[in-house]
Amino acid sequence: MNQLIERRALLRAGAIGAAGVGLSSLFPAWAQSGSAGLAPTLPTLSGEDIRLKVAHSPFTVGGRTGHAITMNGVLPAPLIRLREGQNVRIHVENTLDEDTSIHWHGFILPFHMDGVPGISFPGILPKTTFTYEFPIVQNGTYWYHSHSGLQEQVGHYGPIVIDPAEPDPVAYDREHVIVLSDWTFLHPHQLFGKLKKQGGYFNRQKQTLSGLVGGDDDLARNMSLSDRLMWGKMRMDPTDIADVTGSTYTYLINGHGPAENWTGLFRPGERVRLRFINASAMSIFNIRIPGLPMTIVQADGQNVRPVETDEFQISVAETYDAIVTPTEDKAFTLVAESIDRSGMGRATLAPRMGMQAPVPPLRPKPLLGMKDMGMGGMDHGAMGHGSMQHGSTSDMNNGASSEAMAGMSHDMRDKSLVPPDVKVGVGVDMIAPMPVDRTGDRPLGLEEVPHRVLTYHDLAPLTAFHDKRQPTRSVDIHLTGNMERFMWSFDGVKLNEGAEPIRFARNERVRVNLINNSMMSHPIHIHGHFFEVVTGMPHGNPVKHTVNVMPGGKASFDLTADAPGDWAFHCHLLYHMHAGMMNVVKVRPMDDEGEVA
């Protein structure tokens, strides 16, 4: 279900929940539509020898059944629960007729166990078994997924929880693992083909001729005619927020659609830990639990100083742990609204199965604005736009005006704005004129909501990063693309075009500046390392493995390249990576050779 949830569907979902739900054969026990969530009874795969079987499976959601690729026959894959300090051997049997793989997302491990075919190992051939073996040197909330083709889109992902060797600094009475994902009955290669053939194919919220003339659609109500005409003149779309939307996606929570209403139980007064994992292929979510504040205690598996918020945005591949303490004997709705407001995942926290709370309607769709076009560094006052009334129907979200946009339209592929090694060819249709650091900005679409919203600047590490050195050099990487042709790259070069690897000397401290020259968000992930997101805040920089770079903005991170080997570096939007926004990071020398970077 991708629009407002119908009352009839909710009633049906309630009945399903009360009955304990059918379809159970496709869900691990912890992910069935009701979960007690008591940590000691969570069914898990654990120990030093774990076996996973990758296979074809049917998957049913919303009354329809499609084809999935699962592990041990379930979607999402089984919860793997490990303990810091142990060793693990994970035997992965591939029953498919194609190669597969598993990448252990956010893990610190030897590079040849990282699981990226063509970079760190050959992949797992059909009808063979591969054994991953590595020590567990960290704790926190993580996940695992295929790095082969587009298998991740059809169910090849699952959660991991690593318990700390020392007492957990986060106190809680009960926990629930919340795996967010997106599902389509469309074959992923057909989906990719549609994106290549028509930019914005899945965007059902863009401006239409009838809406333009009649002024009766949401866009017309929220943007002046002159601004809409200007966007059209630039052949750009202010509603191009997400490449793949609720028009084809069903948004899942623990493998369940909104109408199935996955429910996690609690007793009033308990501290409940919610481990959010965004395992989506392409969907960024806004998370809120109306009436219940959330205290963020961990990001990307790393403990942070507790910070209370009412809503946060979780990009693809990020994880956030939150503590909630419901004190009343009532149900709460957990809302996972897609960033473009084309649909939502929905679940319930309740004292008893079958209880429900009101489900808020989808909020008005956001619109792209000046900062999203890379004009965040523009001096509004000097341009004569300082008196623009933010919040009016014509301010276009971030205050872009038709005059300003008209002025920048001629500069959108100005090669002088990027260094010579950025290839500005057909694969680059935009260069942000004045990108600025947006790590302290409220996330896209949440700028004006009246409650608290988490930003990266709110995150402070509970324990300072181990390397206190200042970076000795910096590396700029431009996030580039052609939205109409669905071409994505780093520095204008796709991986399959022979992109030069990014080379780091072993143990060097380097600052990486990510400059987003496109109007899309890009969650950038590096394998085998954590980094400090440079926020400049006095309480310190958050430590993460994935950073979401907002449209037309910049984000920097400081990296200690202490893991020798070859590592994947990519946008975690699956189809962006598949289209070419990926590269290889080489850290040298290795332990057994004298090769230099």
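This is a predicted model: local features need pLDDT of at least 70, side-chain atom pairs count only at pLDDT 80 or more; totals for chains, interfaces and linings use all residues.
The largest nonpolar core contains 143 residues. Within this core, the residues that touch the most other members are Trp-104, Tyr-132, Phe-134, Phe-504, Leu-514, Phe-569 and Tyr-575. At least three residues of the core come from domain 1 (42–168), and at least three come from domain 2 (415–588). In soluble globular proteins, nonpolar side chains tend to be buried together.

The surroundings of Tyr-132 were examined apart from its neighbours within four places in sequence. On that basis, Tyr-132 is in contact with Val-88, Arg-89, Ile-90 and Val-92, and also with Ser-101, Ile-102 and Trp-104.

Two cis peptide bonds are described here. One runs from Leu-75 to Pro-76, with omega near -5 degrees. Pro-76 belongs to the loop that joins strand S3 (64–71) and strand S4 (80–83). The other runs from Arg-588 to Pro-589, with omega near 5 degrees. Pro-589 is placed in the segment that follows strand S32 (582–588).

Positive phi values occur in residues other than glycine. Asp-300 has phi near 50 degrees and sits in the loop between strand S15 (294–299) and strand S16 (302–309). The relative accessible area of Asp-300 is 0%, so this residue is buried. Phe-486 is likewise not a glycine, and its phi is about 50 degrees. The loop between strand S22 (473–482) and strand S23 (487–490) holds Phe-486. Phe-486 counts as buried because its relative accessibility is 2%, where the cut-off for buried is under 20%.

Five cavities of 30 Å³ or more are present in the structure. The largest has a volume of about 210 Å³ and a lining of 16 residues. Of these, Gln-313, Pro-443, Thr-455, Tyr-456 and Asn-548 lie nearest the centre of the cavity. The lining of the largest cavity consists of six nonpolar, five polar and five charged residues.

The second largest cavity has a volume of about 80 Å³. Its lining is made up of Ile-241, Ala-242, Asp-243, Met-282, Ile-284, Ile-339, Met-520, Ser-521 and Leu-573. By class, seven residues of this lining are nonpolar, one is polar and one is charged.

Note on methods: Residues are numbered from 1 along each chain as its sequence is written. Side-chain values use heavy atoms; hydrogens and water are left out. A nonpolar core is a set of buried Ala, Val, Leu, Ile, Met, Phe, Trp, Tyr and Cys residues joined through side-chain atoms within 4.5 Å. Buried means under 20% relative accessible area, exposed over 50%, partly exposed in between (1.4 Å probe, protein chains only). Domain bounds come from an automatic or database domain assignment. Contact means heavy atoms within 4.5 Å. Helices (H or I, at least four residues) and strands (E, at least two) are DSSP runs, numbered from the N terminus. On a 1 Å grid over the protein atoms alone, a cavity is a set of points where a 1.4 Å probe fits but cannot get out, and a pocket is an open set with protein on both sides within 12 Å along at least five of seven lines; lining residues have an atom within 4 Å of a point. Grid points are joined across faces, edges and corners, and a volume is the space filled by probe spheres set on the points. Ala, Val, Leu, Ile, Met, Phe, Trp, Tyr, Cys and Pro count as nonpolar, Asp, Glu, Lys and Arg as charged, and the others, Gly among them, as polar.
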